[in-house]
Amino acid sequence: MRVVFVGPPGAGKGTQAENIVRDYGLYHLSTGDALRAAVKAQTPIGIKADEYMKAGALVPDEVVIGVVVDALEGEQAKSGCLLDGFPRTIPQAEALDKILAEKNAPLDVVLELSVPDEELFKRLASRGRADDNPEVIKQRLVAYHGQTEPLVGYYTKSGILRKIDGLGTVEEIYDRIKTVLDEYK
Ligand code: ADP
């Protein structure tokens, strides 16, 4: 099963992604985690990504697409994957479709975890990651609405979008996710 997880910053994708990969045996690719690791290790990609991430902006498509191509080449991804935080733009989604078409392994489902902005702001402000200060949070939400939300239309058109209500307890939300994913097992 190949799953994309879309949702604004603070929606709880990371927490739910851990549950999903554990229970469904999927390879977890978080581009945010991969980029943070690259920044920490000061690789060429990390050095490039750092300034964008600090500003709450998206890292350029070609940089992120390179990260994903490399990760999906690995053996681990063959039995299924959860893409978390990728794609985040229409060109990224088109690149992903192309990569997966070449492997004859199209996406099964796109989960959109939906949470209103006021709630996101509250959650992010209490989290305390380096890019979680109010100015940067605002920028990440702007980037989400401007660049990532159009993916909802893109995947609705391809007929694979499923919307998940992201308000409630972690368990309640995970139950909603399982109900949907069990249809694709
Ligand atoms: P969040 O969803 O909470 O913003 P992530 O860990 O997914 O956190 O991403 C953190 C940052 O990493 C983003 O603000 C962005 O700068 C960068 N990033 C992650 N994934 C992508 C992507 N697919 N395209 C561009 N930038 C990305």
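**Salt bridges, ligand site and helix close-ups**

**Figure 1. The side chains of Asp 131 and Arg 140 form a salt bridge, with N and O atoms 3.8 Å apart.** A salt bridge is defined as a side-chain nitrogen of Lys or Arg within 4 Å of a carboxyl oxygen of Asp or Glu. The structure is a predicted model, in which local features need pLDDT of at least 70 and side-chain atom pairs count only at pLDDT 80 or more, whereas totals for chains, interfaces and linings use all residues. Residues are numbered from 1 along each chain as its sequence is written, and side-chain values use heavy atoms, with hydrogens and water left out. Asp 131 also forms a salt bridge with Arg 129, the closest N and O atoms being 2.8 Å apart. Asp 131 is buried at a relative accessible area of 11%, and Arg 140 is buried at 11% as well. Arg 129, by contrast, is partly exposed at 30%. Here buried means under 20% relative accessible area, exposed means over 50%, and partly exposed lies in between (1.4 Å probe, protein chains only). Salt bridges link Arg 127, Arg 129, Asp 131, Asp 132 and Arg 140 in a network. Side chains of opposite charge can pair when their charged atoms come close.

**Figure 2. Glu 119 and Lys 122 are paired in a salt bridge.** The closest N and O atoms of Glu 119 and Lys 122 are 3.8 Å apart. The two residues are about one helical turn apart, because they are separated by three residues in helix H6 (residues 117-125). Helices (H or I, at least four residues) and strands (E, at least two) are DSSP runs, numbered from the N terminus. Glu 119 is partly exposed, with a relative accessible area of 24%, whereas Lys 122 is exposed, with 59%. The model has a count of 15 salt bridges.

**Figure 3. Arg 36 is one of the residues closest to the ligand.** Arg 36 belongs to helix H2 (residues 31-41) and is partly exposed at 31% relative accessibility. The side chains of Arg 36 and Asp 33 are joined by a polar contact of 2.9 Å. A polar contact is a pair of N or O atoms within 3.5 Å; within protein, one must be able to donate a hydrogen and the other to accept it, and residues adjacent in sequence count only if both atoms are side-chain atoms. Apart from neighbours within four places in sequence, Arg 36 is in contact (heavy atoms within 4.5 Å) with Met 53 and Arg 129. Thr 148 lies 112 residues from Arg 36 along the chain, and the C-alpha atoms of the two residues are separated by 20 Å.

**Figure 4. The ligand is surrounded by 18 residues.** The closest are Thr 31, Arg 36, Ala 57, Gly 85 and Gln 92. An N or O atom in the side chain of Thr 31 is 2.8 Å from a nitrogen atom of the ligand. Taken alone, the ligand exposes 550 Å², and the protein buries 95% of that. Accessible areas come from the Shrake-Rupley method with a 1.4 Å probe; for residues, only the protein chains shown count as cover.

**Figure 5. Gln 16 is a buried residue of helix H1 (residues 13-24).** The relative accessibility of Gln 16 is 3%. Leaving aside neighbours within four places in sequence, Gln 16 is in contact with Phe 5, Val 170, Ile 173, Tyr 174 and Ile 177.

Figure 6. From the N terminus on, the elements run β-α-β-α-α-α-β-α-β-α-α-α-β-α. The radius of gyration of the chain is 16 Å, close to the 16 Å that the globule rule gives for 185 residues, so the chain is as compact as a globular protein of that length. The radius is taken over C-alpha atoms, and the globule rule is 2.2 Å times the number of residues to the power 0.38. Of the 185 residues, 48% count as buried. Among contacts with a separation of 6 or more, residues 24 or more positions apart account for 73%.

Methods: A residue is near a molecule or strand if one of its heavy atoms lies within 4 Å of it.
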